[in-house]
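Thank you all for making time this morning.

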Amino acid sequence: MDDNKKNAYTRVIATGSALPAKSVSNDALAARLAEIGVQTSDEWISSRTGIRSRYLAEPGLTVLELASRASRKAFQSAGIDPASIDLIIVATTTADAVFPSTACALQAALGIKGCAAFDVQAVCSGFVYAMSVADGLIRTGGYRRALVVGSEIFSRIVDWTDRTTCVLFGDGAGAIVLEASDAPGILAHRMHADGTFGADTLSLAARIEQGAVVGHPFVRMNGRQVFRLAVDSLTRSAQEVCAMAGLKPSDVDVWVPHQANVRIIEMISRKLEFAEERTVITVDHHGNTSAASVPLALDEAVRSGRIGAGDTVLLQGVGAGMTWGSVLLKW
């Protein structure tokens with residue numbers, strides 16, 4: 001194609017997802033934690049978060065394998081040859097290696113050669129960030145078809161003796177295929193960050209130095225502050241992208257928010273006046289899967305028929321940094 005010719009729009013042509021083999025209920029998790037002296041219960045977890053189960057990676061399962069499974073399902077759904085992909089972006093915070101990137105490893109695993117491939121690290125906002133970047137690159141005219149993936153194994157970076165965080169997270173991957181289009185697809189997107197809410201809000205402040213891990217190697221979170229920031233930022237972000245597209249929040253047919261806590265989702269939905277039937281909730285059986293959260297929920301909504309042709313869909317992520325963003329699209 002002519003690299004100097006800009007594409008008018010980008011649209012989603014397929015979704016896919018992958019989960020570990022075993023779903024772990026709150027009761028099963030509580031029993032497992034009791035063995036190491038941590039007391040919790042289904043009532044304690046579900047009443048505070050809305051989570052009733054999550055998928056936890058079995059030994060040997062990798063972020064790359066989950067990403068590969070989700071990608072192949074998306075390719076199968078779209079009926080496309082993986083060789084037609086000319087851009088791969090993977091959003092992850094739990095990569096199997098410091099480098100090379102998960103995207104490059106995924107490129108090799110899928111048998112794709114020569115295309116651009118890189119990772120995006122914005123924690124739970126990662127997929128929305130990656131999707132926004134892919135849209136911008138496709139619209140330049142330099143790329144035609146992109147694979148965008150969120151893949152995480154968060155269960156390996158939580159402190160299982162800290163019940164305030166360990167019960168929240170799950171593992172999984174979601175993928176979409178984007179391509180250039182003459183018809184409206186992605187209508188608007190916007191990314192934000194405020195680095196003043198850093199280590200004190202949500203972080204894993206560790207690094208490798210001279211062969212040793214330096215710093216605290218587990219997730220730390222100020223839950224109350226995260227709750228307030230998530231509600232405020234996503235409410236404003238939804239209003240922002242709708243205004244960019246000349247729409248109102250009431251024009252949104254399906255809302256796919258980051259799946260961190262059902263109480264956060266309920267608070268935002270009240271502020272934006274999103275009816276329950278317009279809101280996709282998977283946190284109850286996925287937990288918080290970070291960058292995989294939005295594409296997992298999106299794929300479930302697509303495959304269950306909740307999203308159909310012509311629907312206006314709002315995707316939103318919020319995570320450590322703090323980072324947040326929204327993508328508004330026409331299905």
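Predicted model: local features only at pLDDT ≥ 70, side-chain atom pairs only at ≥ 80, totals over all residues.

Let me start with Glu 65, which is partly exposed because its relative accessible area is 33%, where buried means under 20%, exposed over 50% and partly exposed in between, with a 1.4 Å probe and protein chains only. Residues are numbered from 1 along each chain as its sequence is written, and side-chain values use heavy atoms, with hydrogens and water left out.

The side chain of Glu 65 meets that of Arg 69 in a salt bridge of 2.9 Å, N to O, the term meaning a side-chain nitrogen of Lys or Arg within 4 Å of a carboxyl oxygen of Asp or Glu. Both residues lie in helix H3, residues 63-78, and they are 4 residues apart, about one turn of the helix; helices here are DSSP runs of H or I with at least four residues, strands are runs of E with at least two, and both are numbered from the N terminus. Arg 69 is also partly exposed, at 31%.

How many salt bridges does the structure hold? There are 10, and among them is the one between Glu 240 and Arg 190, whose closest N and O atoms are 3.4 Å apart. That pair links distant parts of the chain, with Glu 240 in helix H7 and Arg 190 in strand E8, 50 residues apart.

Turning to the surface, Val 98 lies in the loop between strand E4 and helix H4, and it counts as exposed because its relative accessibility is 68%.
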